[in-house]
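Subject: Handing over a structure, with notes on what was found

Dear colleague,

Please find the structure below, together with its sequence. My notes follow it, and I would be glad if you read them with the coordinates open.

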Amino acid sequence: MRTWTRIVIGAVAALVAVAGVATAAFQHWMPWWMDEGDHNHVHSGEVGSQRYQVHLPPLYDGATPLPVIMAIHGCGMSGYGWNSMKSTTQLNDLADREGFIVVYPTQPLFGSVVNCWNSADPREQHRHTGEPALLAGVARKVVETYGADPDQVHVAGASSGAGTAVILAATYPDVFATAMPVNPRGWSTSKEPWVTSWTAVCSTTACVRVHHPTLPTRDGASLVESSLVKDMGHVWPGPAGEGLFTDHAGPDVRAIIWDFVCRHSRGTPE
């Protein structure tokens, strides 16, 4: 009887250990999710810690300040693990060609319902606290660590990450030059109400919504741009995307984002 008890206890302990390792793998992401130019980091601040991966393009030399795009995943995704924002957007390929740094923050496994960012929670919509403070801290750390251009830090997001991108635009306009939400919640088929409500949000940080200028600056440049893709679902459009939430028939949103980024910096006149 004692022998069987030991066997059962040992089996349970082994299962717990395996579950722990599996959870750690998904929470911390393992080396096989790293490609050339990828670097994993943890930012720790007063409100907690945040894991993220940085991708450096081949021309990075540590001396030339490069632009930064932070890409925030949506629900049911990770930053750089399984079904990741990294594979969905394929921003690394564009970064390697154009010469910018990509940052992929990731929610820990079971950190929220199906790995969503908590952009709909009013408690996560303020400066100096919660997810906005953590992600702004990540952006500042990347600029400091890699000598990036502080006036060319941009944020794009998908789904719940789109909401988070918008929150960052509103709470940290001193950090982020542009915010680019793709498929944000509550998106209306009518562009004008959206533009009206976002004009205030984007008064100091430029915004783009997946081509036609809708809110011009005094010099004729666009401050807010919007695109509506007919018949596209709640997915990330682009011919190269890999993952559960991609649409290869849609426009290459990477190109749209990069075009907007190239025309806006934190010092762009309004």
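Helices (H or I, at least four residues) and strands (E, at least two) are here DSSP runs, numbered from the N terminus, and the loop between H2 and H3, to which I come below, is named in those terms and holds Gln-90.

Please keep in mind that this is a predicted model. The protein chain has a mean pLDDT of 81, with 72% of its residues reaching 70 or more. Among the elements of the chain, the lowest mean pLDDT, 49, belongs to helix H1 (residues 2–28), and the highest, 98, to strand E3 (residues 68–72). Over residues 186–191 the pLDDT is below 50, and this stretch has eight contacts in the model beyond near neighbours in sequence. The pLDDT also stays under 50 over residues 209–213, for which the model has 24 contacts beyond four places in sequence.

In helix H3 (residues 91–98), the residues Leu-91, Asn-92, Leu-94 and Ala-95 are buried. Seen down the axis of H3, these buried residues fall within an arc of 160°, so they line one face of the helix. What do the buried residues of H3 pack against? Their partners are strand E1 (38–45), strand E2 (48–55), E3, H2, strand E4 (101–106) and helix H7 (253–262). Just after H3, Gly-99 takes a positive phi of about 85°.

Gln-90, in the loop between H2 and H3, has a positive phi of about 55° although it is not a glycine. Is Gln-90 buried or exposed? Because buried means under 20% relative accessible area, Gln-90, at 15%, counts as buried. Leaving aside neighbours within four places in sequence, Gln-90 is in contact with Met-85, Ala-240, Gly-241, Glu-242 and Arg-254.

A positive phi, of about 60°, is also found at Asn-115, which is not a glycine and which sits in the loop between E4 and H4. Asn-115 is buried, with a relative accessible area of 8%.

The second largest cavity

Helix H2 (85–89) and strand E10 (236–237) are the elements that give two or more residues to its lining.

Which element gives the most to the lining of the second largest pocket? That is H4, with four residues. The lining residues of the pocket divide into four nonpolar, four polar and three charged.

With best regards

Note on methods: Residues are numbered from 1 along each chain as its sequence is written. This is a predicted model: local features need pLDDT of at least 70, side-chain atom pairs count only at pLDDT 80 or more; totals for chains, interfaces and linings use all residues. Side-chain values use heavy atoms; hydrogens and water are left out. pLDDT is the predictor's confidence in each residue, from 0 to 100. Contact means heavy atoms within 4.5 Å. Buried means under 20% relative accessible area, exposed over 50%, partly exposed in between (1.4 Å probe, protein chains only). The arc is that of the directions from the helix axis to the C-beta atoms. Ala, Val, Leu, Ile, Met, Phe, Trp, Tyr, Cys and Pro count as nonpolar, Asp, Glu, Lys and Arg as charged, and the others, Gly among them, as polar.
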